[in-house]
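Opening the notebook on this one.

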Amino acid sequence: MISEQAVGLELQRKQDNAAGRTGNRGGASERPPDAASGPAPGLPAFGRAHVEACDFSVLYRKNPAVKHVNLAIPAGKVTAIIGPSGCGKSTLLRAINRMNDLVPGCTAEGRLLFDGQDIYSPDVDVVALRRRVGMVFQKPNPFPKSVFDNVVYGPRLHSSASRNRLVEIAERSLTDAALWDEVKDRMDQNALGLSGGQQQRLCIARALAVDPEILLMDEPTSALDPRATSRIEELIAELRGKYTIIIVTHNMQQAARVSDFTAFLYEGVLIEFGSTKQIFTKPGEKRTEDYITGRFG
Amino acid sequence: MRLATRKILDRSFTGSGILAIVLMAAALIVLLAPMFVRGAGAIFFTATVEHRRLMLERFNRGNRPQLEAEIESARQARAPVYQMLADFERRLASGAAAERRQYAKPLQELKKAVQNLLGPIPGAPRPMLMRSQYGQTRWERAQVKLSHALYREEWDYSDPTRRGILRLKPRSADFSGTPLSPLFPYLENNLDRMLLPRRTVYWQFLTDTSFDSHFFGGIWPEILGTFYLTVGAMLFALPLGLIAAIYLTEYARENRFIEILRTCISTLAGVPSIVFGLFGLAFFIHTLKVSSSKSVLAGAMTLALMILPTVIRAAEEAIRAVPATYKEAALSLGAGRWHAIWTIILPAALPGILTGIVISMGRAAGETAPIIFTAAVSVGKPLALWQVFTQPTPALSWNIYNLATEHEAVDEIRHVQYGLVLVLVSLVLILNLAAILMRARISKRLRG
């Protein structure tokens, strides 16, 4: 377990880093450096924005999936994106680490800022971006390799760390992902031999091993049973504060349980964004209320 | 539909399925059993003393003193034959001219038949061809040659309305009343004493070079040639095919050009192999001049071209079968595209790729037409590695055809043909088996 103080320190470090970065990249951004830490105009302030969408749209061959979204996702918090199937929530999530690039004919319009820098500007190094924005997918997708090789896949890519260092990283990441005790004796076994829930936590550990700033989770529990689901939810709670977590979920109870902030997306349009408490207790929009009370969706 | 009807239908479907499998198995046995039995005859057979003499003289194999004793005992058994022949010749020489004329031709034929059976007649000059320097090395061929010595073939055209009839006339009739008439029963009754047949395992058939265009020796040059050609073809086809498959699956955008390219690859797979052979001759040898004439190199390149579509297709399918989530996971961890392919996609696709490779290898090993014009010769020494760039080679597939159709004495070397077929079929079967095992092993490792 991580003590409150440690979380606070971690958060402080992240913020210091971020401040340093914005300072350095002030020239790259069109806006003044301090603007990166504030929310977009017309949006409520929830602390420093880590990811910010400004009139951001994603199109599949001219068909918009995400339409003119304005959104500021606060740093160090858990933000849930909810909405009915096909509302563009996964597309929005996958835009943040440019996974949509893999889809032929998929283009983005508007700006999507990460630490104040537009990630869709042509000079962005996508590989470097993905290093800073980790992702956990809907279905657990460990590589058909050993548990150890899975966890250190990222660190091995980015540095020529020694074996000892890699072992350290593996242990730390697996501990963070609350999997260490279950797999410490089977590091050399194939990861596909783990249970579904363990596989998903391994995927989280694998993402954490790269030391990202943001963790994107695309319905991380939809393929898991209730026990494994609650295990992952506990894990998200433990990771809160250390990383900016953005989670897409179908399950409104889950959003209510794990997130600090909730965005409701409907047919590609951001209907409402606010603190989870506010969204679930007194939604400002009729459609939000209809959705969370189960009238459609 | 009534339950009873459904049950009957079900049963008849199951029955016909089982019948089909049984028929297939039977066909396989009918096909493979003679191949194995006859092919085994090249290695397991009843060898005569002539075989052992050949082994000793050419390969220095065998127990020399023991063999010399055997040769001596065979010589003693043969001595009466030669004695009778010599006596008769002497009598003819001193006898009447009419008698000389009467027996000249039959005697010549008889001496030739005896020489075919037992080897050169003592005192005669040493023959030039190796096939005439030894008697029959195989017991079953000795039986055939014995009947040639005992009977002569005569065509009967007495009935003009029918085709000629082949009749066997005993030679003893030609020599009845002469001192030679006891020769025939002696030959018939003492053949085993003269040739000393013994069951032999001549496994060196696989590793011996051949003598006198396959009359004697083994098929090592063919095996080695097939090995060179197959491995050479893989050396060209594998990197090219793999790169092409990676490009087509991971890099190419789906457009008109790629569509046409794919169609071309499929078409290439359907081009008759003889066309590849001609193309190889025209392009690799005449245009590119990779060698001044036929060479293993040119043959390997031609074979590579022929199996390239198969390799590309297999690799493409295997890469496509890798779950897209692997690639997504790798990319989301900050891997570059090439890195994701190299570390995740290719290892996961390996079982499929390997299967494709091994099956293509089997095809390259067995294909004849592409190497006729580019690499194959009917007789040759085993090549050293550096000779593959300039020299042609015998190869299993080509020599099966060559020995069965173009050899001067096809009947004499049937066992070599069967041996070649057996080796080639076993090679392809082993390759396929290896593919299956490898696939199972790696899939198991990947599944965990």
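This is a predicted model: local features need pLDDT of at least 70, side-chain atom pairs count only at pLDDT 80 or more; totals for chains, interfaces and linings use all residues.

**Helix pair**

Residues are numbered from 1 along each chain as written, chains are lettered from A, and side-chain values use heavy atoms without hydrogens or water.

The axes of α1 (residues 3–40) and α17 (residues 414–447) of chain B come within 8 Å and cross at roughly 125°. For the axes, I have lines fitted to C-alpha atoms over the stretch in contact, with angles from 0 to 180 degrees between N-to-C directions. Helices are DSSP runs of H or I, at least four residues, numbered from the N terminus.

I then listed the contact (heavy atoms within 4.5 Å): α1(B) brings residues including Leu32(B), Met35(B) and Phe36(B), and α17(B) brings, among them, Tyr418(B), Leu422(B) and Leu429(B).

**Chain interface**

Next I checked the chains: 21 residues of chain B are in contact with 25 residues of chain A. Together they bury about 1800 Å², 66% of it on carbon and sulfur atoms; that is accessible area (1.4 Å probe) lost on being put together, summed over both.

Glu328(B), Ser332(B) and Leu333(B) supply 34% of the area chain B buries against chain A. I also found Glu328(B) in a salt bridge with Arg94(A), at 2.7 Å, N to O (the rule wants a side-chain nitrogen of Lys or Arg within 4 Å of a carboxyl oxygen of Asp or Glu).

Conventions: Helices (H or I, at least four residues) and strands (E, at least two) are DSSP runs, numbered from the N terminus. Buried area is the accessible area (1.4 Å probe) that two parts lose on being put together, summed over both.
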